[in-house]
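Colleague: Could you take a close look at the helix packing with me, and then work through to the side chains that sit inside it? I'd be glad of one connected account.

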Amino acid sequence: MTTQPASAQELDLYSLENGERVARLLVVFDRLGAGETLTIRGRDSAPDLLGCLQKERRGAFEWSLLCAGPPSWTYEVARRAPEQDHGRGVNEALAWDHDRLDALESAAFRKRSEGDLVGAYETYAVFAAGLRRHIGFEEEILFPAFEESSGMPSDAGPTAVMRAEHREIESLIADIEAGIGDAAAPVDSLRRQLHAVLGDHNFKEERMLYPATDQLLGPDRADRLVERIQRF
């Protein structure tokens, strides 16, 4: 399991022009310690920021979309350890995202147990959006790359199973999201169902699909695939 970030910082870029915000991002990013995160808020989808990091700090970060606009966009950048500043494979990057999402889901239910229903709903909404994005980039980027490299069709083999499980996961997170802010809603049983499906699903991805994709693609192509996933 990936160690969760020890601390977080925030960067508000609303008032800065493109060139200024790129320069500011690099300054703030370089101050982050290993495992620390930076939350970025701005008025657009920030392709210049991600492009800058991919060029100037390649392999040094993970990039997650927290809230999609318009009118505002929020991203999270996590600083990888210095010894990890290199191209990485699909398994490392996507298993890291599994851990990030697991931590959000746990935090949402912890807030619910403490009586903070608004906080539980807001945190779960970030988790749900992140998991839907994760499913999206798997189905639109990862799975086709695996299928092309392995010669397996999309309607058979492991990716067909993964797609079917994705539909079940999406249904469960929608039901939980609708009820987590209601103290009377029976979301605990839905959560157990989700854990049963998602736990097995993630295990198969991390032990089989992701490593197989890395092996099929090789280091350079796998790293480029991760960059495409970051831009999703």
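Modeller: Happy to! An axis here is a line fitted to C-alpha atoms, for a helix over the stretch in contact, and the angle between two axes runs from 0 to 180 degrees between N-to-C directions. Please keep in mind that this is a predicted model.

With that in hand, take helix H4 (residues 117–150) and helix H5 (residues 158–179): their axes come within 11 Å and cross at roughly 165°. Angles over 145 degrees count as roughly antiparallel, so H4 is roughly antiparallel to H5. The crossing of H4 past H5 is left-handed. Sorting the residues of the H4–H5 contact by type gives 15 nonpolar, two polar and eight charged.

Now turn to H3 and helix H7 (residues 219–230). Here the axes come within 9 Å, with a crossing angle of roughly 30°. The cut-off for roughly parallel is under 35 degrees, and H3 and H7 are therefore roughly parallel to each other. On the H3 side the contact is made by Val-90, Ala-93 and Leu-94, and on the H7 side by Ala-222, Leu-225, Val-226 and Ile-229. In the contact of H3 with H7, seven residues are nonpolar, with no polar and no charged ones.

Staying with H3, which spans residues 90–113, we also find His-98 in this helix. Its relative accessibility is 3%, so His-98 counts as buried. Leaving aside residues up to four places away in sequence, His-98 touches His-134, Glu-138, Asn-202, Glu-205, Glu-206 and Tyr-210.

H7 leads us on to H2, as H7 is among the elements covering the buried residues of H2. Helix H1 (18–30) and the strands E2 (37–42), E3 (61–67) and E4 (73–79) also belong to that cover. Which residues of H2 are buried? They are Leu-49, Leu-50, Cys-52, Leu-53 and Gln-54.

Let's finish with one of them, Leu-49, in helix H2 (residues 47–56). Because its relative accessibility is 1%, under the 20% limit, Leu-49 counts as buried. Again not counting residues up to four places away in sequence, Leu-49 touches Leu-13, Arg-21, Val-22, Leu-25, Ile-40 and Trp-63.

Note on methods: Residues numbered from 1 in each chain as written. Predicted model: local features only at pLDDT ≥ 70, side-chain atom pairs only at ≥ 80, totals over all residues. Heavy atoms only, no water. Helix = DSSP H or I, 4+ residues; strand = E, 2+ residues; numbered from the N terminus. Buried < 20%, exposed > 50% of the residue type's maximum accessible area, 1.4 Å probe, protein only. Contact = heavy atoms within 4.5 Å. Parallel < 35°, antiparallel > 145°, perpendicular 65-115°, else oblique. Left-handed = near helix turned anticlockwise from the far one by under 90°. Nonpolar A, V, L, I, M, F, W, Y, C, P; charged D, E, K, R; others polar.
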